[in-house]
Protein chains: 2
Amino acid sequence: MKKILLIGIITFFSTNLSAQTETNIDSVKIRKIYTEALTNGRSYQWLNYLTKKVGHRLAGSEGDKNAVAWAKVELEKLGLTKVWLQPVTVPHWVRGEKEEAHIESEFGKFNIDIRALGGSIATPKGGLLAEVVEVKSLKEVEELGDKVKGKIVFYNGAMPADKIETFRAYGAAVGQRVNGASVAGKFGAVGAIVRSMTTKIDNVPHTGTMRYGDIDENQKIPTAAISTSSADMLSKLIEQGDKMKFKFYFKQSCKNLPDTQSFNVIGEIEGLNYPNEIIVVGGHLDSWDLGEGAHDDGSGVVQSMEVLRLFKELKIKPKRTLRVVLFANEEFGLSGGTAYASAAENKKEKHIVALESDSGGFTPRGFGFTCNDKNYSQILKWKQLFEPYNLHIFARGGGGADIGPLKKDDNVLLGLRPDSQRYFDYHHTETDVFEMVNKRELELGAASMASIIYLFDQYGINN
Amino acid sequence: MKKILLIGIITFFSTNLSAQTETNIDSVKIRKIYTEALTNGRSYQWLNYLTKKVGHRLAGSEGDKNAVAWAKVELEKLGLTKVWLQPVTVPHWVRGEKEEAHIESEFGKFNIDIRALGGSIATPKGGLLAEVVEVKSLKEVEELGDKVKGKIVFYNGAMPADKIETFRAYGAAVGQRVNGASVAGKFGAVGAIVRSMTTKIDNVPHTGTMRYGDIDENQKIPTAAISTSSADMLSKLIEQGDKMKFKFYFKQSCKNLPDTQSFNVIGEIEGLNYPNEIIVVGGHLDSWDLGEGAHDDGSGVVQSMEVLRLFKELKIKPKRTLRVVLFANEEFGLSGGTAYASAAENKKEKHIVALESDSGGFTPRGFGFTCNDKNYSQILKWKQLFEPYNLHIFARGGGGADIGPLKKDDNVLLGLRPDSQRYFDYHHTETDVFEMVNKRELELGAASMASIIYLFDQYGINN
């Protein structure tokens with residue numbers, strides 16, 4: 001008994017010691033990753049090029065092609081095992097001429113800045129003039145029914161500012177942008193304009209995707225966004241409807257061209273021990289056609305590239321295959337993510353982990369994990385390693401749109417969770433530019449991503 | 001025994017229940033505070049006025065006077081128990097004419113943007129031209145000794161970018177700015193120029209306070225800051241010294257005028273139950289004379305005002321006396337904080353808690369507490385109430401410069417800890433303007449402050 005007890009004690013202490021040693025090694029490695037990213041990082045410099053030299057890059061555009069070419073060259077410089085392009089068929093929507101809009105009343109015209117929503121059809125060539133009906137939700141349109149016939153429906157449901165996470169506030173309101181035109185079109189409206197998706201009151205219209213779904217061709221109506229400030233003004237005019245009758249005019253010439261080709265840009269470092277276990281880190285290379293796509297998702301792109309650069313620079317040879325994927329066309333229907341997952345399926349590749357950064361280049365607050373309980377309890381043990389870096393949020397749920405199609409019962413999808421307060425100041429607008437990204441915040445995100453990828457690579461996942 | 005056990009159980013459950021109920025009431029109240037601050041807050045609007053209409057407000061300046069007048073009027077509008085001005089004698093330093101600087105070499109002149117440090121003397125009227133000696137620390141100057149005689153010492157020790165908290169990086173480098181001129185002057189240098197205190201590489205010089213300490217009058221030399229970008233360039237020129245000899249020229253006409261008068265602006269809501277227990281919340285009303293003092297410390301000022309407004313608006317009648325103090329002259333030697341504490345001492349006022357916000361109007365991450373163990377263990381129980389608002393850092397240490405003089409063995413000083421990554425992008429520069437403050441981040445800070453003040457007011461502190 002005594003001997004057994006002694007062995008028990010020795011085993012206990014040595015296991016404990018070895019766990020402690022592992023933790024120490026990990027924390028030293030993570031400190032090195034952060035130091036390299038903060039003192040010698042390349043993400044900011046890459047972002048500068050991607051935003052200022054390539055610029056915006058909507059699927060199918062010239063910028064999209066240039067972004068693909070640039071990313072491939074930059075990944076090739078890193079000395080990865082291999083770099084390649086994966087062809088993806090993408091939709092090709094173009095905004096056309098600059099949109100026009102104004103309010104027309106007996107007192108004259110008042111111009112309003114407007115941007116077509118992505119996927120919308122054009123107005124008639126001479127534009128569209130109609131009375132406005134204001135609503136705060138899709139449900140209100142259904143209640144109004146035929147009363148919206150011949151009118152422009154004005155969706156003015158604001159993102160609720162009392163939510164702490166702005167993504168929740170977005171989630172509560174964005175249905176108006178996505179489905180507003182199809183719902184209004186079904187009841188005979190002739191156009192739909194939408195309050196921009198931000199809690200900030202300013203003069204900047206926010207574009208974004210919309211869908212007609214399965215409504216009839218003749219029910220499809222043009223749709224566009226106006227700024228929050230214009231929306232407030234318009235709402236006040238409507239309130240005073242008796243004093244001043246007015247109509248709203250807008251004109252846009254956007255259209256859907258035939259599908260075209262783009263590419264997922266992929267690079268990998270082959271794993272030393274388990275090359276068939278693949279760990280993906282990525283963001284989407286496309287952006288809206290306004291601004292420079294700096295936060296959405298230039299930041300995620302350069303952070304993902306930086307993860308692999310950090311491994312190379314710090315001579316961390318991954319046990320598993322580490323792959324960066326810069327996805328084509330997220331904004332317009334996820335073609336890149338879908339194509340990547342489908343190719344992986346065909347090749348019977350085993351993706352154990354996929355991490356996406358697509359919530360802006362802001363100070364990282366933590367990660368959101370979509371995985372089973374067993375994997376989650378393993379992950380929670382790592383949480384303390386991130387506290388010195390002020391990452392405190394390890395939560396269930398999350399990942400990213402592009403990696404979503406990779407989900408299996410036993411793998412782990414995760415998303416970087418940066419501070420969300422400023423994201424919707426810039427989202428899908430002309431102000432989403434390089435200058436709005438802080439170098440240190442961007443770099444801390446990249447280091448956080450590299451650190452958790454390092455842990456997944458070291459320990460794999462529980463299957 | 002059984003009866004006692006039963007009573008024990010009942011007591012246990014009812015105590016527990018009552019603790020739970022308290023927590024529920026507190027969490028409901030805190031939710032109300034955040035909702036009001038985020039949907040109907042006044043801090044951003046106040047900051048707009050303070051930055052754009054009042055502008056910068058260095059102690060003794062016209063802006064300082066206007067800020068005092070404005071703050072008093074705004075506090076009076078809130079319907080507090082009383083509002084008053086507390087006279088404070090403040091130093092009065094003026095920058096004088098715009099500074100000039102250039103590099104002079106056989107290849108010509110190259111202009112450099114420069115800003116005198118606060119408290120510095122002027123150069124001779126025609127400016128100062130001398131060779132440059134580059135150092136990275138005060139110690140290096142002491143090692144060089146007489147070799148700096150007749151030279152301009154160029155302090156180029158960068159803030160270490162690998163620190164996660166930028167305030168630590170600042171702490172590691174700022175000694176050069178504060179004491180650089182006095183150390184160099186002692187060894188016969190004729191001037192001192194300092195690399196700006198930021199990790200950002202740009203063209204913006206950062207001013208800030210400097211001290212001559214007790215050196216002889218004839219050892220006092222003029223000192224100024226150059227931008228990080230200019231510092232890097234200058235360092236490269238020095239490195240290539242053999243190829244190009246050059247001298248550095250600068251001219252500044254700043255001076256110290258006689259002390260003058262400013263005011264702490266104070267407002268209070270008298271406590272219902274314990275009016276003699278005072279809880280202070282504050283920031284400093286003065287700012288540097290560059291930019292608009294938006295983050296430093298316009299944000300702290302309007303957040304502190306908002307705390308009292310939130311109590312009034314939500315009809316929370318404090319048990320203890322709740323006082324907002326907008327301190328005069330923090331930047332130039334803490335006259336406001338010192339005068340306030342000294343008056344409190346004279347009046348035998350009992351300050352149980354003082355909270356300062358002076359780290360910028362960024363997303364709040366938590367609080368730092370200076371207090372004894374007993375108080376700290378009470379405070380830690382409140383931490384969970386802040387997790388829904390993404391405040392995770394409850395740490396020992398911290399407070400604020402202005403409230404420092406209020407410290408007693410048994411009271412609690414605390415400081416709001418916002419995210420620190422962007423603070424030194426703007427600190428003491430022309431870019432510290434309203435546009436650099438995000439409305440939601442500012443409001444979340446105010447709500448966090450009001451919430452913890454609410455808890456201190458409810459429960460007092462353990463004495």
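The structure is a predicted model, in which local features need pLDDT of at least 70 and side-chain atom pairs pLDDT 80 or more, while totals for chains, interfaces and linings use all residues. Residues are numbered from 1 along each chain as its sequence is written, chains are lettered from A and ligands numbered from 1 in the order in which they are written, and side-chain values use heavy atoms, without hydrogens and water.

At the interface, 28 residues of chain B are in contact with 28 residues of chain A (contact: heavy atoms within 4.5 Å). The area buried between the chains is about 2500 Å²; this is the accessible area (1.4 Å probe) that two parts lose on being put together, summed over both. Carbon and sulfur atoms give 47% of that area. Two salt bridges are counted between chain B and chain A (a side-chain nitrogen of Lys or Arg within 4 Å of a carboxyl oxygen of Asp or Glu). A:R422 forms a salt bridge with B:E441, with 3.1 Å between the closest N and O atoms.

On the side of chain B that touches chain A, α1 (2–40), β15 (364–370) and α13 (439–459) each supply at least two residues. Helices (H or I, at least four residues) and strands (E, at least two) are DSSP runs, numbered from the N terminus. α1(B) gives the most, with five residues.

Chain B holds an open sheet of eight strands, ordered β1-β11-β13-β12-β14-β17-β15-β16, with mixed pairing (strands pair if DSSP finds at least two bridges between them). β1 (82–94) and β16 (393–396) of chain B each have a single partner strand, so one side of each is left without a neighbour in the sheet. The twist averages 20° from one strand to the next. β1(B) pairs with β11(B) (255–269) in the antiparallel sense over twelve bridges. There, B:W84 has B:I266 as its bridge partner in β11(B).

Over all chains, 54 salt bridges are found. One joins the side chains of A:E36 and A:R309 (3.1 Å, N to O). The pair links α1 (2–40) and α8 (294–313) of chain A, 273 residues apart.

Conventions: Axes are lines fitted to C-alpha atoms, for helices over the stretch in contact, and angles run from 0 to 180 degrees between N-to-C directions.
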